[in-house]
Amino acid sequence: MTTSAAYAMGYLAAHRWRRRLLMTREKPGVLLAVVAGMAASVALQFWLLRRASTASFPPTAVDLVAQLAPLLLPAIALSATFRSPLRLDVADASWLLTAPGGPRVLLARHLFGFPLLQAALGGLGGVLSRSLMSLPAAPAWKVAVVVGGAALIVRVLGMLAHLSALRAPLLTRILALSWAAALAIVAVAGEQAARLTGEGVARRWVVAIIDSEVVEAGWILVPFFAIALLAVVVLCVARGYIEPADDRARQNAELQVSTRRDTTGLETGASWFRSGLRSWSGRAFLTGERALLFRGLAQQRRMQRMFGLELAVELLVMIVLLALAPEMAWLPLAFVLLTIVVTSSFSGIAVELDHHHVWMAPLRPLIALLCAIAVPAATVAASAEVLWFTLLLGGSLGGGTWLVGAVLIPCLGVVIFLAGALGIAIGGRGVLRIPLSVAFGAGGIAPVLFLVFVPTAPAVAAVAVALAGFATTAARVVRRRLWSSTRIDLGGV
Amino acid sequence: MAKTVRVLEGGVALECHAATKRFGERAALCDAAFACPLGAVTALIGPNGAGKSTLFRASAGLLTLDSGGITVRGHRAGTPEAQRSVSFMPEQPDLYPGVSVWEHVVFIALLYCLSDWEPRAEELLERFGLAGRRDALPHELSQGMRRRLALVMSLLRGADVLLLDEPFNGLDPRNSSQLRALVKELASNGAGVLVATHILGDVARLADRVIVLEGGRVIAQGTLKELNGQAGLPASADLESAYLALTERRRERGIETARTGGGAR
């Protein structure tokens, strides 16, 4: 019976993956995330390997993450007691969960599916980074096991916490949670103490992963098999996750609501928009192309919560880095710019691709383009200016360099979103627009960065000419491809 | 099928000449030819995937045809002159997340530089039951409300030619009735309204003319009486019978053509 359920789930999963792959043509975000994840994995491992070759690990971000990561585990356990970590589709709940052997198969998919994917990506990243360093690829299996094992820990912990929420009395749960929290705090404190003597567990783990010596394999394999064993125990009690009949009916109804798909995209990130604000009325000067400014501002004022939170996190990371590793304090700023470059083909004018009124109204293309990118560019510039100013306060920048950068940052925002528009105009609605936008964005940023580090008068003139040329060319191409009669198709079947 | 288009009295709102559009291997429109008069409601009916939405998007200038042409009040679709005359409501309301109901209305008024629009906007919101939800965001509205908002946005412009793609989907009987009344009122004031739908009951109560589209081709067009004649049914037969007879005959002809090794027409 379990075999039938496994076969049915495999069949559904194969079709789901096929559909996801096909969807990347329309919604390239998934592909983008995978590529970004892979690139980050390769970059991180490459960086670690280089550190390993110099035989020293400074107290940098890796140690910091390794120390703070255990604190995430109680948070995961706590959230799993309130909400099921099983991410079920309606079809799963209706058919697989009620099939004989279905709960076990579903649980196996949930426990091992994501870790296997992570292990594959991590392992591939390990092979690539070692190839870049001309090292033998063989020890890359350790990375795969560690990454997969870490994902498995999160899954197993979540499922155990959820089972306790379903079956154990409240007091037992509180006791278990408080013990887990205490254990995590002890682990973090122990790690901190051990790090002072140079024998921290996190450090040993990093060395064990990237070191070519197989001697340290026990450090990886023993914990991994312990977690895998725990996962098997969870699988054995799979039926425990089925609610009593009356609860199940109620939860199925809730499940249907929570898994209801909205194809309009209006639900995406909807919780970030602040509700209940009084609507803005139009101003006479915001007519025509400037209506896009009105729309952008109306939307942006409801996103202040997300904007503030993002900026606070970036600022916090920058302050921590300024205190611990000042030479890496620029990372949050680079992250902001990189994120905007990568996502520029989804924002700015890209938002209007699915909104027909903009393409039907009698607008002047160049002004409409500038109005469409003005609000996102200003938002990015505001974040970047705050981070840039923090670098100045932290003593990482000279006054002259800071001033040049502060003047150039708004230009940078416009250039990045123009590059995104250019990517769309040439690459169309498909996935091609992403690499094109990134390439154009990098091409636009390079001269600006040059100016930050070589702030001479000839350089200023050269960069001004280069940026003006880029902006003019981009605007002309965008106009021809999006607003003329030979434009790309702006709608599907 | 003959590609000639009958000239209609009272001016032509929209005219389609041998319009063809392919998406890869699939032909969404294939030599489609018809005309819609001003001052009348024309219904475009056909099964899912018949090419109704493609035809609307091409008429609104959002898609370029592979061959053939569409004119809106005598101007080629997509040109500024044509865009001035046409208003389009897509099947999926394309609303902005994080922008309220009233701000959507204001956005349209500002975008098209409308004058004295506020009383009309208030009236439309009142008529479609959205006056009390002015500050609501799209994700806080039901599907029907979102559709009504998209309708208000399309109607606010007061264009001569109105393209409504599946406007009755998700509307309750009261709102359907109000929309039918409004569409008739617009047509009686001289606008040309083209409505794509597969709810035949609404078509029978609303449309002056009907165009039947299947596989991207126009297989029949005319008044209900004329459709019954083309289907070989008595003049008193209802639209559903005419539609079924016409599409069935078309399928039989297709099977016959395939059997004799003929073309795909």
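**Notes on the two-chain model**

1. Let's start inside chain B. Leaving aside neighbours within four places in sequence, Val195(B) is in contact with Val41(B), Ala43(B), Leu44(B), Leu164(B), Pro167(B), Val183(B), Leu206(B) and Ala207(B). Please keep in mind as you read that this is a predicted model.

2. Val195(B) also belongs to the largest nonpolar core, which has 142 residues. The members with the most contacts inside this core are Val195(B) itself, Val152(B), Leu163(B) and Val210(B), together with Ile373(A) and Ala421(A) from the other chain. As general background, nonpolar side chains tend to be buried together in soluble globular proteins.

3. Now for chain B as a whole. Its secondary structure comes to nine helices and ten strands, and 50% of its 265 residues count as buried. If you take the contacts in chain B with a separation of 6 or more, 68% of them are between residues 24 or more positions apart.

4. Chain B has an open sheet of four strands, with antiparallel pairing and the order 2-1-4-5. Strand 2 (26-37) and strand 5 (75-76) of chain B each have a single partner strand, so they stand at the edges and one side of each is left without a neighbour in the sheet. The partner of strand 5 of chain B is worth a look: strand 4 (residues 67-72) of chain B pairs with strand 5 in the antiparallel sense, over two bridges. Across this pair, Val72(B) stands opposite His75(B).

5. In total, the contact takes 41 residues from chain B and 38 residues from chain A. Sorted by class, the side of chain B that touches chain A has 24 nonpolar, ten polar and seven charged residues.

6. A friendly word on confidence in chain A, in case you plan to work with its coordinates. The average pLDDT of chain A is 75, and 68% of the residues score at least 70. Where in chain A is confidence lowest, and where is it highest? Helix 10 (residues 245-258) of chain A is the lowest, at a mean of 52, whereas helix 11 (residues 291-300) of chain A is the highest, at 92.

Technical notes: Residues are numbered from 1 along each chain as its sequence is written. Chains are lettered from A and ligands numbered from 1 in the order in which they are written. This is a predicted model: local features need pLDDT of at least 70, side-chain atom pairs count only at pLDDT 80 or more; totals for chains, interfaces and linings use all residues. A residue is buried if 20 or more other C-beta atoms lie within 10 Å of its own, exposed if 12 or fewer, and partly exposed in between; C-beta atoms are placed from the backbone. Two residues are in contact if their C-beta atoms, placed from the backbone, lie within 7 Å. Two strands pair if DSSP finds at least two bridges between them. A nonpolar core is a set of buried Ala, Val, Leu, Ile, Met, Phe, Trp, Tyr and Cys residues joined through C-beta atoms within 7 Å. Ala, Val, Leu, Ile, Met, Phe, Trp, Tyr, Cys and Pro count as nonpolar, Asp, Glu, Lys and Arg as charged, and the others, Gly among them, as polar. pLDDT is the predictor's confidence in each residue, from 0 to 100.
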